Amino acid sequence: MRDVEAVFREERGRLLAALVRRFGDLDLAEEVTSDAIEAALKHWPVDGVPPKPGAWLMTTARRKAVDRLRRDQAYAARLAILQVEAERAAHVPPADAHDDLPDERLQLFFTCAHPALPAEDRGALTLRCLAGLTTPEVARAYLVPVQTMAKRIVRAKKKIREARIPFRVPGADELPERLSGVLQVIYSIFTEGYAASSGPDLQRLDLAEEAIRLARILRRLLPAEREVAGLLALMLLVHARRDARTGPDGELVLLDEQDRGRWDRAMIEEGEGLVVAALTGGAPGRYGVQAAIAALHDEAASVETTDWPQVVDLYDVLLALDPSPVVALNRAAAVAMRDGPEAGLSLLDELAGEPRLRDYHPYLLARADLLHRLGRLPEAAVAYRAALEAAGSEPERAHLRRRLAIVEEPRG
């Protein structure tokens, strides 16, 4: 018998997306999805998991939706209007999922990441609807009170309803712009998992792994989109180092100190294959280029033997695609490894006036480390203190306290 929890995890997002497409209402879809899962929890342990669990859940959910609409005619009338509008906008007939469950999660991806929604709401709604996290789980993911997150999710759903945001995949002319928003939502979830913005742990593996799972779904749904392959490759190549990034007590372990034997070689190989797909067939995208940089790190036997000239060349390409101060910061760090700390520090000093970097922990830390390498210890101490003030998670703060103690240590 298939694990019931695994079935729910796999089928929930597909079920919810199909129901949203059918009825045009997130609240109704969520309610009857929960009802269907509750019914499965009652019947499946006794009767066994059916051969087509998705179809079973869909049939049950649709019956429950029909029952609710029969009880509430006003609600039914409003949904009918919304559904007609959605069908007209999408130019497709209603889905018939009685025998099998169509995969309409792609529409839900674009709905959750619609540019009309506030940026802070997009990731929360994606985790709630596509990842299947409960509202308390999403609240923990974003480190906010449950009540705050509940209001945020309600607000996002209300915006979708009132703005009549259609549940559809954008047309060919809209897809490039809209897809970038979907990818950014997934990458933001992964970034919080890779380096927690606050809290006792450096990494939040559940979030990182959920982002990878969502990217895998998107990759299956959009196999021809090279930037989807690039994003999945990037996350896999970075996440492959997860076990080596912390010590026995959860302390931060830097890249040059990591036991590379603990890196996940299977994940690296998968990521490298996706890099090829991301960079083949046209101009490179920013996720594909970042994945290529990550692959160079993963291929090297040590930090010293990393192909730093090629890393810098790739950052030059990335900077042309994404001329942001964060990319310029990462390029400066690579230049420091290729040409020495003085060259890197000079580039960082050129970025000192960038508002986005003023309180940006990685920038402050990079500058402190280069000052330390140059032996400019009093300046390094000042920079480490600034980085400590901006750091989020406790492992990062503990690491900075150790570095600060080293540069402040009295010398005879």
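These are my notebook entries on what I looked up in this predicted model.

**Ground rules**

I number residues from 1 along each chain as its sequence is written, and my side-chain values use heavy atoms, with hydrogens and water left out. Because the model is predicted, local features need pLDDT of at least 70 and side-chain atom pairs count only at pLDDT 80 or more, while totals for chains, interfaces and linings use all residues.

**Confidence**

I started with pLDDT, the predictor's confidence in each residue, from 0 to 100. The protein has a mean pLDDT of 87, with 90% of its residues at 70 or more. Residues 88–101 fall below 50; in the model this stretch has 29 contacts beyond near neighbours in sequence. By contact I mean heavy atoms within 4.5 Å.

**Aromatic rings**

How many aromatic pairs does the structure hold? I found four. For a pair, the ring centres of Phe, Tyr or Trp (its six-membered ring) must lie within 6.5 Å; planes under 30 degrees apart count as stacked, over 60 as edge-to-face and the rest as tilted.

I looked at Tyr187 with Phe190 and noted ring centres 6.4 Å apart and planes at 10°, so this pair is stacked. Both residues belong to helix 9 (residues 175–194), three residues apart, or about one turn of the helix. My helices are DSSP runs (H or I, at least four residues; strands are E, at least two), numbered from the N terminus.

Then I turned to Tyr187 with Tyr287: the centres are 5.6 Å apart and the planes stand at 80°, so I logged the pair as edge-to-face. Tyr187 is in helix 9 and Tyr287 in helix 13 (residues 286–299), so the pair ties together parts 100 residues apart in sequence.

Phe190 is buried at 3%, and Tyr287 is buried at 2%.

Tyr187, Phe190, Tyr194 and Tyr287 make up one aromatic cluster. I also checked for charges over these rings, counting NZ of Lys or CZ of Arg within 6 Å of the ring centre and within 35 degrees of the ring normal. Arg245 lies over the face of Tyr194, 3.7 Å from the ring centre. Arg286 has its charged end over the ring of Tyr287, 4.6 Å from the centre.

**Nonpolar cores**

Here I wanted sets of buried Ala, Val, Leu, Ile, Met, Phe, Trp, Tyr and Cys residues joined through side-chain atoms within 4.5 Å. The largest such core has 100 residues, and Leu108, Ile186, Leu218 and Met235 have the most contacts inside it. Helix 11 contributes the most to this core, with ten residues. Setting aside neighbours within four places in sequence, I see Met235 in contact with Ile186, Tyr187, Phe190, Ala211, Ile212 and Ala215. Another core lies apart from the largest one; it has 26 residues, including Leu329, Leu345, Leu348 and Tyr384.

**His239**

I found His239 in helix 11 (residues 226–239). His239 is buried, at 5% relative accessible area. Beyond neighbours within four places, His239 touches Phe190, Leu205, Ala208, Glu209, Ile212 and Met267.

**Cysteines and helix 6**

How many disulfides does the structure hold? I counted zero, taking a disulfide as a pair of cysteine sulfur atoms within 2.5 Å.

Helix 6 (residues 119–129) is mostly covered, with nine of its eleven residues buried. Among them I noted Asp121, Arg122, Arg128 and Cys129.

Thr111 is in helix 5 (residues 105–112), and at 1% relative accessibility I count Thr111 as buried. Leaving out neighbours within four places, its contacts are Leu117, Ile160, Ile165, Pro166, Phe167, Arg168 and Arg178.

Arg22 sits in helix 1 (residues 4–23) and is partly exposed, at 24%. I also looked up Arg22 with Phe167: they are 145 residues apart along the chain, and their C-alpha atoms are separated by 9.6 Å.

Conventions: Buried < 20%, exposed > 50% of the residue type's maximum accessible area, 1.4 Å probe, protein only.
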